Every structure is written in structure tokens, then in C-alpha cells.
Amino acid sequence: MNSPRIAGAGVTQFGKHPERTGRDLFAEAGLEALDAAGVSPDDVEALHFGNFMGELTEHQGHQAPLMAEAVGLNVPATRFEAACASAGAGVREAVKTIRNGEADVLLVGGAERMTNVGTAAATDGLAIAADDLYEVRAGMTFPAAYGLMARSYFAEFGGSREDLAHVAVKNHEHALVNEHAQLRSEITVEDVLSAPPVADPLGLYDACPITDGAAAMVLVSEAYATEHGLDAPVSITGTGQGGDSLALQDRPDIATTPAAVDAAEEAYADAGIGAGDVDLAEVHDCFTIAEVLAIESLGLYEPGEGITAATDGETTRHGDTPINLSGGLKAKGHPVGATGVAQIATIAWVLDGTHPRADAVPDGTVGVAHNAGGTAASATVHVLEVDR
């Protein structure tokens with residue numbers, strides 16, 4: 001199979017950039033990716049761009065050609081929107097495009113600008129990824145939705161707020177050396193437990209921040225990489241996508257995320273691996289409970305067993321299966337349209353040994369990226385493998 005190679009990636013500093021536009025942020029990431037890849041912009045055949053809130057935060061739709069222009073490309077450009085899984089969806093289509101021989105070189109990325117509109121407006125904007133008629137109009141926000149999912153999980157499987165606190169503490173510790181991370185500060189379990197409540201049982205430190213940022217990567221065919229002598233040891237060998245009811249009340253169980261289960265099973269089958277082969281993962285921890293749901297959906301833990309993984313140290317950088325060595329959305333930040341590509345970039349850098357946390361898995365060969373939209377009504381999973 002012609003597994004696309006990651007020739008290079010670029011990620012901006014995640015955080016508050018109210019003075020910068022989305023096109024400015026993406027230009028930085030895209031040009032960095034091309035430079036890291038050693039690929040001429042003239043060889044890029046298309047742009048896949050992820051973005052969710054551009055119409056609301058920048059009054060700008062039709063962003064893909066705008067972003068292509070910002071990077072100096074005159075190519076077909078398509079925007080992908082799947083809420084927080086927008087970039088993951090763009091990557092999946094890029095993988096399929098290269099595999100079927102339609103292209104040899106694609107630029108894939110995403111960007112989001114959110115802090116310029118303030119917390120209240122950004123929260124309202126994010127809420128449109130939920131069911132407006134039956135959730136948003138009733139006052140549902142995503143902190144509330146994930147609070148309900150956490151309460152349901154505790155009722156079905158057990159667990160405690162302290163277990164969730166260990167997820168936050170772990171991810172903040174992982175982010176300390178990540179130069180792209182928004183929150184590079186240590187926190188304690190007590191800090192998490194004593195933080196202001198947001199949506200019971202979730203508090204302030206259980207939630208990821210509102211973030212501006214961009215990420216991009218150059219995907220190339222194996223033939224192109226060989227012909228041009230590129231140093232591109234990491235391939236995307238598996239891709240999967242799943243879906244679920246948009247509104248929580250339409251699901252038979254809100255303590256699990258079947259869309260992510262389906263995406264993982266498809267990606268594993270595509271790559272010819274199993275969950276037991278995974279050495280590390282970047283998962284969509286928009287809230288601490290989301291990391292627990294993700295590692296169970298990926299088959300790394302059985303349902304009900306993931307809640308104590310961080311508490312027991314199993315998912316720390318010293319554990320058997322490190323999760324979110326970047327700091328995750330929780331500490332790295334979550335510029336919605338960019339997150340899926342930023343996750344994949346992190347795994348590629350860890351596997352090729354250039355990430356500051358690469359020593360956590362010095363012999364690792366398989367990584368998985370899990371990107372979820374809304375309350376995981378959309379989910380993509382990608383398997384990455386490195387040549388050793």
C-alpha cells in the first residue's frame with residue numbers, strides 16, 4: 001500500500017494571539033512545514049484545510065483558497081468542517097487521495113482564531129457543534145455536556161474527581177517542555193480539586209483553554225519521497241472515521257463514544273495492527289473525562305478501566321503507554337481547526353526522535369492520533385508508524 005509519508009510539519013505557538021489573523025497564523029505553520037519538508041511550493045498539488053468557527057470569529061467563510069494564497073500556493077483548496085475533528089477529516093481525505101494516486105504532494109492543516117471574541121462568544125460559537133434545537137436552546141454548553149458524560153461514566157463504572165485530576169496534572173507536566181504549548185505550568189491534584197466548578201463534576205482545570213493557533217504538514221507519496229531523497233521515516237498507515245447521534249439524548253449510552261470505537265477499529269484494520277501494538281497516543285482531551293473515554297475507545301483500556309490509568313501512572317511519560325506527550329488539548333491548547341494535525345505532528349516528532357519527550361518511548365514504532373468533534377459525534381483515528 002502507498003502509505004503517505006510525513007515529509008515535514010509546522011505548528012505555531014498556541015495561545016492568545018488577538019492581534020493576528022487566521023491567515024497569518026496558517027502562513028506561519030504552512031511555510032514552516034514546507035521548509036521542514038524540503039518540498040517546493042510548486043510541487044504541492046492541493047490544500048486540505050480544517051476550520052470550524054471562521055464565519056463567527058473572523059466573519060470569513062471560504063477560507064481554504066485564502067489560506068492557500070497565504071502560503072503562496074495556487075492550487076485547489078478545500079475546507080473541511082467536522083467541529084473539533086475538522087483537521088482529522090482533512091487528513092483522512094488526504095491519505096485516501098495519495099493512496100489512490102490522485103496526488104503525490106498535499107499540504108494539510110488547519111487554523112482557528114478564537115480569543116479575539118472573548119470567552120463568552122467563543123463558548124457560544126463552540127456550542128453550535130451541538131444540536132441547536134434540542135441542546136443549545138435548552139442551555140447546553142460543551143462543559144455541561146461533558147459533565148453529563150462524566151456523571152454517567154461514574155454511575156456506570158465508578159471513578160472520582162481525583163482520578164480526573166490526575167489526567168490534568170499529567171498533561172500539564174508533559175507540556176512543560178513543549179515550546180508550542182499554551183499552558184506550561186505545573187499543577188497539583190489539589191489545584192484541580194479546589195478550582196472553581198464549571199459543570200459538576202468538572203472544574204476549571206478539567207477543561208482545555210480557548211486557543212488561537214495553526215498547524216500544517218506536508219504529506220507525500222512513497223514514490224515522491226524516494227525520487228526526491230526526502231528524510232520522511234514516518235508514514236500514516238491507517239485511517240478511520242466514525243459517527244454518532246449529534247445530541248446526547250439520542251444515544252443509548254453517554255458513558256462511551258462509539259464513533260471513536262468505530263474509527264479506531266477501522267484504522268487498526270487498515271494498518272494491520274491491533275491496540276496492543278500502540279506505543280503512544282495523542283487523544284482529544286478537551287476535558288479530562290474525554291481522555292478517559294478516548295483511551296477506552298482506542299482499545300488501550302477496557303470500558304471502565306481507563307479512569308485510573310493516569311492515577312496509576314500508566315499514561316504518564318514514565319508509563320507503559322504515554323498519552324498526550326504534547327500536553328494534550330488540556331495544556332497544549334485547542335485551536336479547534338488545527339488540533340487534528342497538531343496531534344499527528346507530535347506523534348511524528350516523537351517517533352522520529354526530534355520531540356523533547358521522545359525519550360518516553362525510545363523504541364516506539366506505532367502511534368495513534370484520536371480527534372473528536374463535539375461530544376464525539378464525529379471522530380477520526382490515524383495510525384502512524386516509523387521505519388526503524
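## Close-up views of a predicted model

**View 1. Helix 3 and the glycine that follows.** Just after helix 3, Gly72 has a positive phi of about 85°. This is a predicted model, where local features need pLDDT of at least 70, side-chain atom pairs count only at pLDDT 80 or more, and totals for chains, interfaces and linings use all residues. Residues are numbered from 1 along each chain as its sequence is written, and side-chain values use heavy atoms, with hydrogens and water left out. Helices (H or I, at least four residues) and strands (E, at least two) are DSSP runs, numbered from the N terminus. Helix 3 spans residues 63-71, and its buried residues are Gln63, Ala64, Leu66, Met67, Ala68 and Val71. Buried means under 20% relative accessible area, exposed means over 50%, and partly exposed lies in between (1.4 Å probe, protein chains only). The buried residues of helix 3 pack against several elements, including helix 1 (22-37), strand 2 (46-50) and strand 4 (105-112).

View 2. Arg99 pairs with Asp270, and their closest N and O atoms are 2.8 Å apart. Arg99 belongs to helix 4 (residues 86-99) and Asp270 to helix 10 (residues 258-271), so distant parts of the chain, 171 residues apart, are linked. A salt bridge is a side-chain nitrogen of Lys or Arg within 4 Å of a carboxyl oxygen of Asp or Glu. Side chains of opposite charge can pair when their charged atoms come close. Arg99 is partly exposed, at 22% relative accessible area. Asp270 is partly exposed too, at 23%. The structure holds 15 salt bridges.

View 3. Asp200 and Arg151 meet through their side chains at 2.6 Å, N to O. Asp200 sits in the loop between strand 5 (197-199) and strand 6 (202-203), and Arg151 in helix 6 (residues 142-157), so the pair ties together parts 49 residues apart in sequence. Asp200 counts as exposed, at 52% relative accessibility. Arg151 is partly exposed, with a relative accessible area of 45%.

View 4. Glu291 forms a salt bridge with Lys170, their closest N and O atoms being 2.9 Å apart. Glu291 lies in helix 11 (residues 288-297) and Lys170 in helix 7 (residues 161-175), so the pair ties together parts that are 121 residues apart in sequence. Both Glu291 and Lys170 are buried. The axes of helix 7 and helix 11 come within 8 Å and cross at roughly 95°. That makes helix 7 roughly perpendicular to helix 11. Axes are lines fitted to C-alpha atoms, for helices over the stretch in contact, and angles run from 0 to 180 degrees between N-to-C directions. Angles under 35 degrees count as roughly parallel, over 145 as roughly antiparallel, 65 to 115 as roughly perpendicular and the rest as oblique. Among the residues that meet are Leu164 and Val167 in helix 7, and Ile289 and Val292 in helix 11. Contact means heavy atoms within 4.5 Å.

**View 5. Helix 4 against helix 13.** Helix 4 packs on helix 13 (residues 339-351) at an angle of about 65°, with the axes 5 Å apart. Helix 4 is therefore roughly perpendicular to helix 13. Ala87, Gly88 and Val91 in helix 4 meet Gly340, Val341 and Ile344 in helix 13.

**View 6. Strand 10 and its partners.** Eight of the eight residues of strand 10 (residues 366-373) are buried. Val366, Val368, His370 and Ala372 point one way, while Gly367, Ala369, Asn371 and Gly373 point the other way. Strand 9 (residues 280-282) pairs with strand 10 in the parallel sense over three bridges. Here Ala281 stands opposite Val368. Strand 11 (residues 378-386) pairs with strand 10 in the antiparallel sense over eight bridges. Two strands pair if DSSP finds at least two bridges between them. Thr380 in strand 11 is the bridge partner of Asn371. Strand 10 and strand 11 form a hairpin with four residues between them, and Gly374 in the turn has a positive phi of about 65°.

**View 7. Thr257 in its loop.** Thr257 lies between strand 8 (234-243) and helix 10, in the loop. Thr257 is buried, at 5% relative accessible area. Leaving aside neighbours within four places in sequence, Thr257 is in contact with Met149, Leu293, Ser297 and Ala376.
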